[in-house]
Amino acid sequence: GVQGCGKSLAAKAIAGGFGVPLARLDFGSLYNKYHGETERNLRAALKNAELLAPCVLWIDEIEKALAAGNGDDGVSRRVLGYLLTWMAERKAPVFLVATANQVHELPAELLRKGRFDEIFFVDLPDAANRAEIFRIHLAKRNLTLAGFDPDALAAASDGFSGAEIEQAVVASLYAVAAGKREPNQHDVMRELAATRPLSVLMAEQVAALRAWARERTVSAD
């Protein structure tokens, strides 16, 4: 999905929905310069996940570790091979969730049907979802909702991700801190107007990702 739209939150919500522990597999900490050590670290990490089972194992930004053509003397290919074997043969109740920003960089053998049950796309929020995100973040910071119009804020934040909406609320708090008052609708609107969301800064990349996902994935909504 698009950066900042809730992929990690969705992974955490899965564990909460199942009522089981969430374990995060950080591939960056597994890689080692010595031959064979990376694979051994992966085996140990997966074994620990099995000992924790039932659990959800979350691999964040999986394309960073397994992208095709990493140029790392074949380490990524060997890691991928072991991971695929484990996914096919594991017996422990470990529910695997992976998140990715650049899913098209992943090797085809990881994405084929049967590896993962489904590929979901977390898109930019629509107007109704943006209004709800505003309500959540205003309430989280104990701001009186009566002084805000979430629908008007949603209309002014077209193309914003959930993370960018949160930062607009946070920025409005900082902006009025010197005056020792709470931000109001105008303050948040001003921060939105001053922000160039990722859908504008990286418009071509975001459009390409959305186009790729349109016919290939299931909407997370």
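Modeller: Two strands are said to pair if DSSP finds at least two bridges between them. The model is predicted, and the description below should be read with that in mind.

The part in question is an open sheet of three strands, whose order is β1-β2-β3 and whose pairing is parallel. Its edge strands are β1, residues 22-25, and β3, residues 94-98, each of which pairs on one side only. From one strand to the next, the twist averages 25 degrees.

Strand β2 covers residues 55-59 and runs parallel to β3, to which five bridges join it. Because at least two bridges are required, these five are enough for β2 and β3 to count as a pair. Across this pairing, Trp58 has Val97 of β3 opposite.

The loops on either side of β2 each contain a backbone feature. Most residues other than glycine have a negative phi, and most peptide bonds are trans. Pro54 is placed in the loop between α3, residues 37-52, and β2. The peptide bond that joins Ala53 to Pro54 is cis, with omega about 5 degrees. Glu61 belongs to the loop between β2 and α4, residues 63-66. The phi of Glu61 is positive, at about 50 degrees, although this residue is not a glycine.

The largest pocket holds about 1300 Å³ of space. It is lined by 49 residues, and those closest to its centre are Gly6, Lys7, Ala10, Val122 and Ala220.

The crossing of α9 and α10 is right-handed. On the α9 side, the residues in contact are Ala168, Ala171, Ser172 and Ala175, which meet Asp187, Val188, Arg190, Glu191 and Leu192 of α10. Five residues of this contact are nonpolar, one is polar and three are charged.

Notes
Residues numbered from 1 in each chain as written. Predicted model: local features only at pLDDT ≥ 70, side-chain atom pairs only at ≥ 80, totals over all residues. Heavy atoms only, no water. Helix = DSSP H or I, 4+ residues; strand = E, 2+ residues; numbered from the N terminus. Axes fitted to C-alpha atoms, helices over the stretch in contact; angles between N-to-C directions. 1 Å grid on protein atoms, 1.4 Å probe; cavity = no way out; pocket = protein on both sides within 12 Å on 5 of 7 lines; lining within 4 Å. Points joined across faces, edges and corners; volume = space filled by probe spheres on them. Left-handed = near helix turned anticlockwise from the far one by under 90°. Contact = heavy atoms within 4.5 Å. Nonpolar A, V, L, I, M, F, W, Y, C, P; charged D, E, K, R; others polar.
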